[in-house]
Amino acid sequence: MGLIRRREHGSDESARPDAAAAVWIRPFRSGDAPAVRELASEVLSEFDLELDPDGVDRDLDDIERAYRSAGGEFWVVESIDGGIVGSCGVWPDPEDPDRCELRKMYLRPDLRGRGLGKRLLATAIDHARQAGRRRMELETNRAMTGAIGLYRSRGFREVEGASACAVRCDRRFTREL
């Protein structure tokens with residue numbers, strides 16, 4: 001959860017700021033809730049999907065209760081100007097102590113492909129392991145090809161079955177921890 005250090009640039013790159021260098025991953029704070037909801041809505045709309053506040057996105061109403069009360073965690077990516085530009089949560093399944101879900105992993109488009117998603121995912125996996133979870137699952141949409149590539153590169157495999165997130169998720173993945 002440390003600061004992502006600025007990389008040195010060559011002369012051709014020096015005029016272009018490195019957006020990923022000016023952000024850090026930190027635990028969610030209650031004041032972050034409106035910005036997390038806005039981020040989720042913006043990223044979903046990029047893929048022609050909508051926030052579902054009465055269904056699968058109800059957990060955004062009380063992140064503390066939905067994630068932390070049972071041993072999960074939620075992180076945000078904060079920019080140097082204090083804006084929330086990414087998020088990720090580990091939701092612990094209260095009915096299966098071995099299982100957790102990766103939820104609400106979103107990054108603004110200008111931060112994708114710079115390694116920040118890998119760091120968020122590693123943070124989530126480390127937390128789940130330390131909490132004693134043995135399996136992480138996630139659901140996503142087929143349009144989110146970059147995210148799917150990241151999940152596969154980190155050992156997630158696609159599984160069949162109905163999605164609990166039927167409103168917008170049509171792909172399911174799992175990984176042993």
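Is Cys88 buried or exposed? Cys88 is buried, with a relative accessible area of 0%; buried means under 20% relative accessible area, exposed over 50%, and partly exposed in between, computed with a 1.4 Å probe on protein chains only. Cys100 is likewise buried, with a relative accessible area of 0%. The count of disulfides comes to zero, a disulfide being a pair of cysteine sulfur atoms within 2.5 Å.

The model is predicted: local features need pLDDT of at least 70, side-chain atom pairs count only at pLDDT 80 or more, and totals for chains, interfaces and linings use all residues. Residues are numbered from 1 along each chain as its sequence is written, and side-chain values use heavy atoms, with hydrogens and water left out.

**Fold and strands**

The chain has four helices and seven strands. These are DSSP runs numbered from the N terminus, with helices as H or I of at least four residues and strands as E of at least two. From the N terminus on, the order of elements is β-α-α-β-β-β-α-β-α-β-β. Of the 177 residues of the chain, 45% count as buried.

Strand β3 (residues 84–92) is mostly covered, with nine of its nine residues buried. Strand β2 (residues 73–79) pairs with β3 in the antiparallel sense over six bridges; two strands pair if DSSP finds at least two bridges between them. Within this pairing, Ile84 in β3 has Glu78 opposite. The hairpin of β2 and β3 has four residues between the strands, and Gly82 there takes a positive phi near 90°. β3 also pairs with β4 in the antiparallel sense over six bridges, and Gly89 has Arg103 in β4 as its bridge partner. The hairpin formed by β3 and β4 has six residues between the strands.

**Aromatic pairs**

There are four aromatic pairs. Rings of Phe, Tyr and Trp (its six-membered ring) pair if their centres lie within 6.5 Å; planes under 30 degrees apart count as stacked, over 60 as edge-to-face and the rest as tilted. Two of these pairs are set out below.

| Pair | Centre distance | Plane angle | Class |
|---|---|---|---|
| Phe28 and Phe74 | 5.7 Å | 80° | edge-to-face |
| Tyr151 and Phe173 | 6.5 Å | 50° | tilted |

Phe28 lies in the loop between β1 (23–27) and α1, and Phe74 in strand β2, so this pair links parts of the chain 46 residues apart. Phe28 and Phe74 are both buried, and together with Tyr67 they form one aromatic cluster. Tyr151 in helix α4 and Phe173 in strand β7 are 22 residues apart, and their pair also links distant parts of the chain. Both Tyr151 and Phe173 are buried.

**The largest pocket**

On a 1 Å grid over the protein atoms alone, a pocket is an open set of points where a 1.4 Å probe fits, with protein on both sides within 12 Å along at least five of seven lines; lining residues have an atom within 4 Å of a point. The largest pocket has a volume of about 980 Å³, the volume being the space filled by probe spheres set on the points, which are joined across faces, edges and corners. Its lining has 44 residues, of which Lys104, Met105, Tyr106, Glu139 and Tyr151 lie nearest the centre. Elements that give two or more residues to this lining include α1 (33–46), α3 (116–130) and β7 (171–176). β4 gives the most, with eight residues.
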